[in-house]
Amino acid sequence: MILNVVKYGDPILTKRAEEVADFDENLHKLVDDMFETMYGAPGVGLAAPQVGVLKRLFVMDCSSGKNKKQRVALINPVIETEEGEQNGDEGCLSFPGVFLEIKRPQRVVVRARDIDGSEMTLDLMDLEARCVSHETDHLDGELFINYLSPLKRDLTRRKIKKRIKQGDW
Ligand SMILES: [Zn+2]
């Protein structure tokens, strides 16, 4: 089932999400629906708060469905190591049509559970590292516009407000 993606302006996007405690049928269903929503958008990552669920999990697939190995759901993720730096354009499904140049770590080591509750550690580079950093931020109520300079952030916010007013959001 395709879920409704919450857009910037909704207060849920700025809240801290809670740990997942139950690795049950409901979690499996949520993860399935989140993958379907992400691929349908289309996007390469989607965090639970973006579909209105304040739980610590996200799905990602930086190959956009081309490589099964890159299709992962991370539950209760914790970033253990961040290394290096990369600069690049970034989007967010909660900010349709907004692309911003954001600095992220080049490499990220993240520890998480899979949907059955088993522990895993992923050592990721480049786009996948960027994605983990972006999606983990969502679980702490952090949005990519927070990385902009105050001036650029105000400008972006103003543009979005205008679009909200025009009904284009
Ligand atoms: Zn996002």
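I take a helix to be a DSSP run of H or I with at least four residues, numbered from the N terminus. The model I am looking at is a predicted one.

**Entry 1: the largest pocket.** I looked up which helix gives the largest share of the lining of the largest pocket, and found α2, with five residues. Helix α2 covers 126-139, and strand β4, at 86-90, also supplies at least two residues of this lining. In total I noted 20 lining residues; Val-44, Glu-90, Gly-91, Cys-92 and Leu-93 lie nearest the centre of the pocket. Sorted by class, the lining has 10 nonpolar, six polar and four charged residues. For the space in the largest pocket I wrote down about 340 Å³.

**Entry 2: the second largest pocket.** The volume here is about 160 Å³. Helix α3, residues 150-165, gives the most to this lining, with six residues. Among the lining residues I listed Gly-97, Val-98, Phe-99 and Leu-100, and also Lys-152, Ile-160 and Arg-163. By class I have five nonpolar, two polar and three charged residues.

**Entry 3: Phe-95.** I found Phe-95 in the loop between β4 and β5, the latter at 100-104.

Key:
Residues numbered from 1 in each chain as written. Predicted model: local features only at pLDDT ≥ 70, side-chain atom pairs only at ≥ 80, totals over all residues. Heavy atoms only, no water. 1 Å grid on protein atoms, 1.4 Å probe; cavity = no way out; pocket = protein on both sides within 12 Å on 5 of 7 lines; lining within 4 Å. Points joined across faces, edges and corners; volume = space filled by probe spheres on them. Nonpolar A, V, L, I, M, F, W, Y, C, P; charged D, E, K, R; others polar.
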